[in-house]
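Here is a short briefing to read alongside the model. Take a moment to look it over, then follow the points below.

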Amino acid sequence: MNVVILAEASVSNAVAEALADHTVHRVSSVDAASNVAAPDVFFASLSIPGVTAFASTVDIPLIAIANDDTPRDEFSAVLSQPHDPEAVRAAFACAKRVIDYQRAVDELYTLCRARAKGGAVSSRELREARSSARERFQAVNRSGIPPLKQLLR
C-alpha cells in the first residue's frame with residue numbers, strides 16, 4: 001500500500017518503521033501531501049498547520065495523530081501513541097478495512113453498470129459482489145470506525 005505520513009520527524013520515523021512492509025512517503029506540508037500520486041492511506045499529525053482543513057478534502061482513509069479525545073468523525077482512526085508499533089498497525093488495520101470496503105463497492109458498481117449496459121454479468125457474480133461488500137461493511141462497523149457516510153464522501 002502507498003502510505004503518506006505528514007508528521008514531525010520523530011513521529012514520522014516511528015510510523016514508517018511500523019509500516020516497513022509498505023511504500024511510505026514522508027512529507028512536511030499539506031501541499032506536499034496533496035501532490036503524492038495514488039496514496040492509499042494518510043497518517044497526519046493534527047499539530048501540522050492546515051491538516052484539519054485538509055482532512056475534509058481527502059477521500060481516502062486518514063489517520064489522525066493526536067490525543068485520545070480528538071473527535072473521530074473526520075478520521076478513519078485516531079493514533080494517540082505513534083511511537084508504539086502495535087498502535088500504528090492497529091490504526092492502519094482500520095484504514096485497510098475501509099479500503100477493502102471501498103474496493104468491494106467499486107467492484108459491485110462496475111458489475112451493475114456492465115449488466116445495465118447489456119454486459120455478460122451473471123446473477124451469481126452480482127450476488128457474490130453484494131455479499132463481499134456487505135461483509136466488508138460489517139467488518140468496518142464492528143471495528144468502531146465512524147459511520148461510513150462520513151468517511152466515504
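Ala-38 sits in the loop that links α2 (30-34) to β3 (41-45); helices (H or I, at least four residues) and strands (E, at least two) are DSSP runs, numbered from the N terminus. This is a predicted model, in which local features need pLDDT of at least 70 and side-chain atom pairs count only at pLDDT 80 or more, while totals for chains, interfaces and linings use all residues. Residues are numbered from 1 along each chain as its sequence is written, and side-chain values use heavy atoms, leaving out hydrogens and water.

**The loop residue**
- Ala-38 is not a glycine, yet its phi is positive, at about 50 degrees.
- Most residues other than glycine have a negative phi.
- With 59% relative accessibility, Ala-38 counts as exposed (exposed is over 50% relative accessible area, buried under 20%, partly exposed in between, with a 1.4 Å probe and protein chains only).

**The helix residue**
- Arg-115 belongs to helix α4 (residues 85-116).
- Arg-115 is partly exposed, and its relative accessible area is 38%.

**The whole chain**
- The protein chain has six helices and five strands.
- Starting at the N terminus, the order of elements is β-α-β-α-β-α-β-β-α-α-α.
- Along the principal axes, the C-alpha atoms fill a box of roughly 55 × 30 × 30 Å.
- The protein chain has 153 residues, and 43% of them count as buried.
- Of the contacts (heavy atoms within 4.5 Å) between residues at least 6 apart in sequence, 48% join residues at least 24 apart.
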